[in-house]
Amino acid sequence: MGTSASKNFDSSHGGREGQLYVSLKMENFNIGGYLIPHVYGSVPIIGSWDPTKALSMARESASMWELSFVVPSNLEALDFKFLLKPKYGTTPCVVEEGPNRLLTGGTLEEGDARPALFKVSGDEVVLEYKVFMKADIVSPFDLAASWRAYQENLQPSRVRGIPDVSINVAPEAGVENGPASTLELDLEHYVVPAPSSSTRVVYAANLTENPRSLLNTGSFSKHDAASGGSYGSTKTGLFSLDYSNTHKDMDSVVSDPPKLLTAPGMVESKSVGTFSPLPKQDVQKGLFVDRGVGSPRLVKSASAGLFTFDLKLDSETKKGMPAAAGAVAAAAIADQMLGPKEDSRLAIVLVGLPARGKTFTAAKLTRYLRWLGHETKHFNVGKYRRLKLGTNQSADFFRGDNPEGLEARNEVAALAMEDMIAWMQEGGQVGIFDATNSTRNRRNMLMKMAEGRCKIIFLETLCNDERIIERNIRLKIQQSPDYAEEPDFEAGIRDFKERLANYAKVYEPVEEGSYIKMIDMVSGQGGQIQVNNIGGYLPGRIVFFLVNTHLTPRPILLTRHGESQDNVRGRVGGDAALSEAGELYAKKLANFVEKRLKSERTASIWTSTLQRTILTASPIVGFPKIQWRALEEINAGVCDGMTYEEIKKNMPEEYESRKKDKLRYRYPRGESYLDVIQRLEPVIIELERQRAPVVVISHQAVLRALYAYFADRPLKEIPHIEVPLHTIIEIQMGVTGVQEKRYKLMD
């Protein structure tokens, strides 16, 4: 009862030479984590029968514990026993009943896979553990492989000690692709509809913040604060605004003050905890750190002027919390404690002539900061101008010697700035102020308004490439509401160029305050970036992002690995090989990539270091392959290898916690979705920097996070984004924004 047959291997097994790899496992479905199995015995385990020196077994799943070790293949004898130690307290350990277990000459003695029996509570209770023991001679090369894959697939893993990033630039030769004639090569045959919430394409500036001061609304909506707007994709895949939600937000009036008041400078991290610098009051000083999923907020008492902690959070409050990952929050805390109070709120003020890519740069930066978990909004002054003054201003309105036009433009700029600062005082972290701001007088006005309320960094975009300027002008005439009623396209171009000339006559480059200058950076080919008086974690991340961004059009293909054996079994994580269906998908994917990127020989293939992605990429030839440890699936910790039914049965509290908040839930000894976002930041930066197409073959949680970045989806939606097997998501990046197309190669 409760035994597992042990396999005996002698030192010549399989004709191989090497070392003896021993795996000891114990299983009990009814015992919680308060008793930890240990092993002790002769050399080379610990060389002591002192229970205090016993080796702890690692928890492989909710019910399974394991200890693996290597001994010389010529070891004459090894004897050992199991014992249980309490996780907490000083209760004596319990040694298993029966004789010692023996391994002699590389062979497990008969019967040594007998169940382990432990008498506890004065011999009144007997605990029984199933025991699984395996021994095999393996080469040093095989020792680098995953033991899990070795056990489940009856062969060493094909992943061998790979570093965080490794590159194989040589095309693989001799890979069987399968006859192309048996695989459908018409790419359009595979196109499937992309998720969509709107069918209208919207001008980029219209995706920015709605002017609160001009719409007579009392507050920014919760929807906007949490997600920055509702986005979808059109039938053709161009992401656009959900107008039904937009109009609803524009017409709503919030009269009641918010119940929860965020203290100035408070930054929250849902991957590590919540760090809350308290207001400067005599009775409340220092930092509060909460390690739980539901983090307390500071609440002002109605009967007193003090802030207290409210530990009762409803689901909506949790979802609305900022969710910057651990390292980001920790660095932000340091900045706030060491710097002025206004440094906790950052205003990025764009500067530059029209058609220099300001709005595009602002939109990309907004998307990046939101994805990292920072509350960020994009305020476009042109949107304010059109709402207040209409869309029929001619080029004369923008002359520097037109006092009425200058006064009107300064007025809408001040309205936008007041809205942005008001939003920051309600809890916003980063406001991006998008306008030409081309004179010192305008910039001085903004700095005076921001004094003591937020820190300003000017972001100036300079472009001297006439080709790029001409292209941007034509896009402006096609998309801007300013020219929606102009039937003559060429007349629109002439008017806009006259407007541009009016701005150029009075343009004054930034030389004051903190600033970042992007000079000829939009092409991705050279250029330079200048910084002045820039310090702190977040400004540093912004500079690093801007250094790597450009407007070069290129596709990024996202796909999950082919179906794995663990997918068939319904198991989480692991490092299993592909199923038959997965192997077929790998061949179809190779043919798809060959046709889709046949003229893009500078493309590259990115995979994780797990074998199911490497095997999926193996039939693809002619492109360099890069393996990223950062692209590995979310770490399920002690739940790795379990099915969700097993988790529900054996770890019901963990199952329910994950069900309530998948974004912030962290597997025991594993990761949360916010942790995945944190480790994917270098991948995002590199994808932005690349000028050639990239094929990313990864895993569901990782691709959800990557897709959310490009689609500008709110953090709370990431765990629920649909990324099906055997489907390719093509993201087209370029000057018109982000477009999406999906191909389903097989069911």
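So, alanine 355 sits in the loop between strand 21 (346-351) and helix 8 (358-372); helices here are DSSP runs of H or I with at least four residues, strands are runs of E with at least two, and both are numbered from the N terminus. Its phi is positive, about 65 degrees, although alanine 355 is not a glycine. Is alanine 355 buried or exposed? At 8% relative accessibility, alanine 355 counts as buried, where buried means under 20% relative accessible area, exposed means over 50%, and partly exposed is in between, with a 1.4 Å probe and protein chains only.

Before I go on, the ground rules. This is a predicted model, where local features need pLDDT of at least 70 and side-chain atom pairs count only at pLDDT 80 or more, while totals for chains, interfaces and linings use all residues. Residues are numbered from 1 along each chain as its sequence is written, and side-chain values use heavy atoms, with hydrogens and water left out.

Back to phi. Histidine 726 also has a positive value, about 60 degrees, and is not a glycine. You'll find histidine 726 in the loop between helix 21 and strand 31 (727-734), and with a relative accessible area of 3% it is buried.

Now the whole chain. We have 21 helices and 32 strands, and 54% of the 747 residues are buried. Take contacts (heavy atoms within 4.5 Å) between residues at least 6 apart in sequence: 70% of them join residues at least 24 apart. The accessible surface comes to about 33,000 Å², with 51% of that belonging to carbon and sulfur atoms; that's Shrake-Rupley with a 1.4 Å probe, and for residues only the protein chains shown count as cover.

On to the cores. By nonpolar core I mean a set of buried Ala, Val, Leu, Ile, Met, Phe, Trp, Tyr and Cys residues joined through side-chain atoms within 4.5 Å. Which residues touch the most other members of the largest one? Those are Ile348 and Leu706, out of 68 residues in that core. Helix 21 (residues 700-711) gives the largest share of this core, 10 residues. Apart from it lies another core of 30 residues, with Ala413, Ala416, Met420 and Met424 among them.

Let's stay with helix 21. Leaving aside neighbours within four places in sequence, leucine 706 is in contact with Leu558, Leu631, Leu680, Val683, Ile684 and Val696. Alanine 708 lies in helix 21 too, and it is buried at a relative accessible area of 2%. Not counting residues up to four places away, alanine 708 touches Trp371, Arg713, Ile718 and Ile721. From alanine 708 to arginine 367 it's 341 residues in sequence, and 9.5 Å in space, C-alpha to C-alpha.

Then there's arginine 679, in helix 20 (residues 673-689). What is its relative accessible area? It comes out at 19%, so arginine 679 is buried. Its side chain makes a polar contact of 2.9 Å with that of glutamate 671; a polar contact is a pair of N or O atoms within 3.5 Å, and within protein one must be able to donate a hydrogen and the other to accept it, with residues adjacent in sequence counting only if both atoms are side-chain atoms.

Aromatics next. Rings of Phe, Tyr and Trp (its six-membered ring) pair if their centres lie within 6.5 Å; planes under 30 degrees apart count as stacked, over 60 as edge-to-face, and the rest as tilted. How many aromatic pairs does the whole structure have? The search finds 13. Phenylalanine 379 and tryptophan 423 have ring centres 6.2 Å apart and planes at 50 degrees, so that pair is tilted. Phenylalanine 379 is in strand 22 (residues 376-380) and tryptophan 423 in helix 10 (residues 403-425), 44 residues apart, and the pair links distant parts of the chain. For tyrosine 665 and tyrosine 667 the centres are 5.3 Å apart and the planes at 75 degrees, so we call it edge-to-face.

Last item: charges over rings. The test is NZ of Lys or CZ of Arg within 6 Å of the ring centre and within 35 degrees of the ring normal. Lysine 517 lies over the face of tyrosine 515, at 5.4 Å from the ring centre, and arginine 742 lies over the face of tyrosine 707, at 5.3 Å.
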